Amino acid sequence: GESVGLHLPTLSVQEGDNSIINCAYSNSASDYFIWYKQESGKGPQFIIDIRSNMDKRQGQRVTVLLNKTVKHLSLQIAATQPGDSAVYFCAENRYNQGGKLIFGQGTELSVKP
Amino acid sequence: EPEVTQTPSHQVTQMGQEVILRCVPISNHLYFYWYRQILGQKVEFLVSFYNNEISEKSEIFDDQFSVERPDGSNFTLKIRSTKLEDSAMYFCASIRAEGTGELFFGEGSRLTVL
């Protein structure tokens with residue numbers, strides 16, 4: 001079945017600390033994942049993606065790690081800032097099914113000043 | 001920066017009424033989507049649309065729902081006879097090419113069914 005889930009619904013960190021948001025998936029054939037950020041009252045915003053031929057990908061202050069053995073991926077945010085406060089979703093891209101995204105439940109990140 | 005625009009931002013309707021939500025995708029994008037998010041829950045796929053036809057739809061997208069691209073710019077979602085459980089945020093999204101990842105979402109249209 002379709003299942004992409006996050007481990008924790010909420011995460012609170014101190015400004016300047018690193019944040020790690022986790023996600024698990026159930027389908028071993030899944031091979032393309034994307035992290036989205038959703039601020040209050042807005043649509044999801046693309047952060048970073050990773051395909052299964054990689055186990056790590058870095059962006060600006062963000063890193064995504066993919067562990068295919070345990071079907072787990074994580075989003076790491078370095079030096080978390082108040083502007084990072086949002087809900088973060090991992091999503092599986094089913095590009096062979098019209099490109100639809102299967103979203104996880106979301107983790108709400110709160111950054112304390 | 002190009003963006004996906006949606007109207008209305010909020011619509012309140014009576015149960016049983018028809019609703020049309022409108023979207024203007026980014027101009028050179030070819031694939032269009034509607035997603036739904038019930039308050040406090042995850043974003044759920046409704047339908048994908050390419051080359052003037054539906055390419056994929058979810059079980060949520062039943063006969064009460066339809067999509068249309070009436071001209072070269074608009075992409076609409078119609079709910080024929082709204083139910084209370086249709087109350088949600090509806091997001092339109094578009095992408096230039098399938099499988100490239102960066103799906104651009106609009107700000108959403110909040111639908112409240114009374």
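Does Thr82(B) count as buried or exposed, and what is its relative accessibility?

## A residue inside chain B

In this predicted model, Thr82(B) counts as buried because its relative accessibility is 1%, and a residue is called buried when that value is under 20%. Thr82(B) belongs to the loop that runs between strand E8 (75–79) and strand E9 of chain B.

Setting aside the neighbours within four places in sequence, the residues in contact with Thr82(B) are Thr13(B), Gln14(B), Met15(B), Gly16(B), Gln17(B), Val19(B), Leu111(B) and Val113(B). For Gln14(B), a polar atom of the Thr82(B) side chain lies 3.2 Å from the backbone oxygen of Gln14(B).

## Where the two chains meet

Between chain B and chain A, 21 residues of chain B are in contact with 22 residues of chain A. The area buried between these chains is about 1,700 Å², and carbon and sulfur atoms give 53% of that area.

## Polar and charged pairs across the interface

One salt bridge is found across the interface of chain B and chain A, and in this salt bridge the side chain of Lys100(A) meets that of Glu56(B), with a distance of 3.9 Å from N to O. Across the interface there are also three residue pairs in polar contact, with both residues of each pair at pLDDT 80 or more.

On the side of chain B that touches chain A, at least two residues each are supplied by strand E4 (31–37), strand E5 (43–50), strand E6 (53–57) and strand E9 (88–95). Sorted by class, this side of chain B has eight nonpolar, eight polar and five charged residues.

Terms used. Residues numbered from 1 in each chain as written. Chains lettered and ligands numbered in written order. Predicted model: local features only at pLDDT ≥ 70, side-chain atom pairs only at ≥ 80, totals over all residues. Heavy atoms only, no water. Contact = heavy atoms within 4.5 Å. Buried area = accessible area lost by both parts, 1.4 Å probe. Salt bridge = Lys/Arg side-chain N within 4 Å of Asp/Glu carboxyl O. Polar contact = N/O pair within 3.5 Å; in protein donor to acceptor, adjacent residues only side chain to side chain. Helix = DSSP H or I, 4+ residues; strand = E, 2+ residues; numbered from the N terminus. Nonpolar A, V, L, I, M, F, W, Y, C, P; charged D, E, K, R; others polar. Buried < 20%, exposed > 50% of the residue type's maximum accessible area, 1.4 Å probe, protein only.
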